[in-house]
Amino acid sequence: MAVEPPILDELHRLRTRVPQLTGALAAGVDGLVIAHDTPGVEPEGLAALTAAALGVAVRMADVTGQGDLRELLVRGVDGYVATYAAGRTAVLTLLAEDRVNVGRLHLEGRRTGARIGELVGDAVRDTAPEPPAQPASTRQKAVRTPRTPRPPRTNTPTTTES
């Protein structure tokens, strides 16, 4: 993917802003690595685990009515693993020491996730083929059908007889 260098730059800048980070990975929601700065951690394995955890977290947010997933935080004895949405097709996973300021981690992770989402979205738009143009004579005009208004709702309580 052509966006790897700018995304890798974002990961390096993030690790500079949050010194307690021990690793940063950008991956597709499909579990494929886009860019990584994860010394001592296999990026392909982390990306695959991120995709699996993301699937469970998305389902949990949906089932509980919490809306679209924004982030996932796992705390272990020795530190944190935080995953943030990065647009619609990518995620940002951060590894941090236990002494990290979690508020700062979230602030910087969300910002960087949004930026990576923009970069990945730009790359997808730049590489997507444009649909072929249709001649003017074959184009169909959209016809709007007027909506039928709904009857007003009443707040009449219902009663049941036994």
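Student: What makes up the lining of the second largest pocket, in terms of nonpolar, polar and charged residues?

Tutor: In this predicted model, the lining has six nonpolar residues, three polar ones and no charged ones. The residues are Leu46, Leu49, Thr50, Ala53, Leu72, Val74, Val81, Thr83 and Thr93. Leu, Ala and Val count as nonpolar, while a charged residue would have to be Asp, Glu, Lys or Arg.

Student: Which elements supply at least two residues each of that lining, and what is the volume of the pocket?

Tutor: The elements are α2, β3 (71–76) and β4, with α2 giving the largest share, four residues. The volume is about 170 Å³.

Student: How do the residues lining the largest pocket divide?

Tutor: The lining of the largest pocket has ten nonpolar, four polar and five charged residues. This pocket holds about 420 Å³ of space. It is lined by 19 residues, and those closest to its centre are Asp68, Leu69, Arg70, Ala85 and Gly87. Two or more lining residues come from each of α2 (43–63), β4 (79–86), β5 (90–97) and α3 (102–127). Helix α3 contributes the most, four residues.

Student: Why is arginine 59 called exposed?

Tutor: Arginine 59 has a relative accessibility of 51%. The label exposed requires over 50%, so arginine 59 qualifies at its value of 51%. The residue is found in helix α2, and its C-alpha atom is 8.8 Å from that of leucine 69, ten residues apart along the chain.

Student: Why does leucine 73 count as partly exposed?

Tutor: Its relative accessibility is 37%. Buried would need under 20% and exposed over 50%, so leucine 73, at 37%, is partly exposed.

Student: Which residues is leucine 73 in contact with, leaving aside its neighbours within four places in sequence?

Tutor: The contacts of leucine 73 are Tyr80, Val81, Ala82, Val102, Leu105 and His106. A contact here requires heavy atoms within 4.5 Å. For valine 102, 29 residues away along the chain, the C-alpha separation from leucine 73 is 9.7 Å, but that is a distance between C-alpha atoms, whereas the contact criterion concerns heavy atoms.

Student: What share of the protein's residues count as buried?

Tutor: Of its 162 residues, 33% do, the cut-off being under 20% relative accessible area.

Note on methods: Residues are numbered from 1 along each chain as its sequence is written. This is a predicted model: local features need pLDDT of at least 70, side-chain atom pairs count only at pLDDT 80 or more; totals for chains, interfaces and linings use all residues. Side-chain values use heavy atoms; hydrogens and water are left out. On a 1 Å grid over the protein atoms alone, a cavity is a set of points where a 1.4 Å probe fits but cannot get out, and a pocket is an open set with protein on both sides within 12 Å along at least five of seven lines; lining residues have an atom within 4 Å of a point. Grid points are joined across faces, edges and corners, and a volume is the space filled by probe spheres set on the points. Buried means under 20% relative accessible area, exposed over 50%, partly exposed in between (1.4 Å probe, protein chains only).
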